[in-house]
Amino acid sequence: MKVLIDHGRCQGHGRCWSTEKALFEPMDDEGHSAVIGGEDQPDDPDLVAQAMRAAEACPERAITVVRH
Ligand code: SF4
């Protein structure tokens, strides 16, 4: 899968990286988010579930999950 963050939309609330710690991390002091290891991620079911939860929980709709 690909996990994409629209950095123009991300407001740094940190909801993703505070709850889905295996997949997201803050990339700056303002809490903007980055995907750990980059946008290409394995189709591991646990990771896919984490990515989907984060995408649904993001108040800015900044996270997109693309399944292969
Ligand atoms: S939850 Fe959304 S807006 Fe908040 S840090 Fe994560 S990607 Fe950015």
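For burial I counted other C-beta atoms, placed from the backbone, within 10 Å of a residue's own: 20 or more is buried, 12 or fewer is exposed, and anything in between is partly exposed. Helices are DSSP runs of H or I with at least four residues, strands are runs of E with at least two, and both are numbered from the N terminus.

I noted that this is a predicted model, in which local features need pLDDT of at least 70 and side-chain atom pairs count only at pLDDT 80 or more, while totals for chains, interfaces and linings use all residues. Residue numbers run from 1 along each chain as its sequence is written.

Helix α2, continued. I looked up its buried residues and found Gln50, Ala51 and Ala54. They lie on the same side of α2, because they cover an arc of only 95° around the axis, the arc being that of the directions from the helix axis to the C-beta atoms. Their cover includes β1 (2–5), α1 (15–19), β2 (24–26) and β4 (63–66). I counted a contact where two C-beta atoms, placed from the backbone, lie within 7 Å.

I then checked the length of α2. Its 13 residues, 45–57, should span 18 Å at 1.5 Å a residue, and the end C-alpha atoms are 18 Å apart, so the two agree. The expected span is 1.5 Å times one less than the number of residues.

Next I took Ile63, in strand β4. Why does Ile63 count as buried? It has 26 C-beta neighbours inside 10 Å. Outside the four places on either side in sequence, Ile63 is in contact with Val3, Ile5, Cys16, Ala54, Ala55 and Cys58. I also looked up Arg9, 54 residues from Ile63 along the chain; their C-alpha atoms are separated by 9.0 Å.

For the ligand, I found 14 residues around it, with Cys10, His13, Arg15, Cys16 and Cys58 coming nearest. Near here requires a C-beta atom, placed from the backbone, within 6 Å of the molecule. The shell has 6 nonpolar, 6 polar and 2 charged residues. Ala, Val, Leu, Ile, Met, Phe, Trp, Tyr, Cys and Pro count as nonpolar, Asp, Glu, Lys and Arg as charged, and the others, including Gly, as polar.

Last, the whole chain. I read its pattern as β-α-β-β-α-β. Of its 68 residues, 24% count as buried. Among contacts with a separation of 6 or more, 61% join residues 24 or more positions apart.
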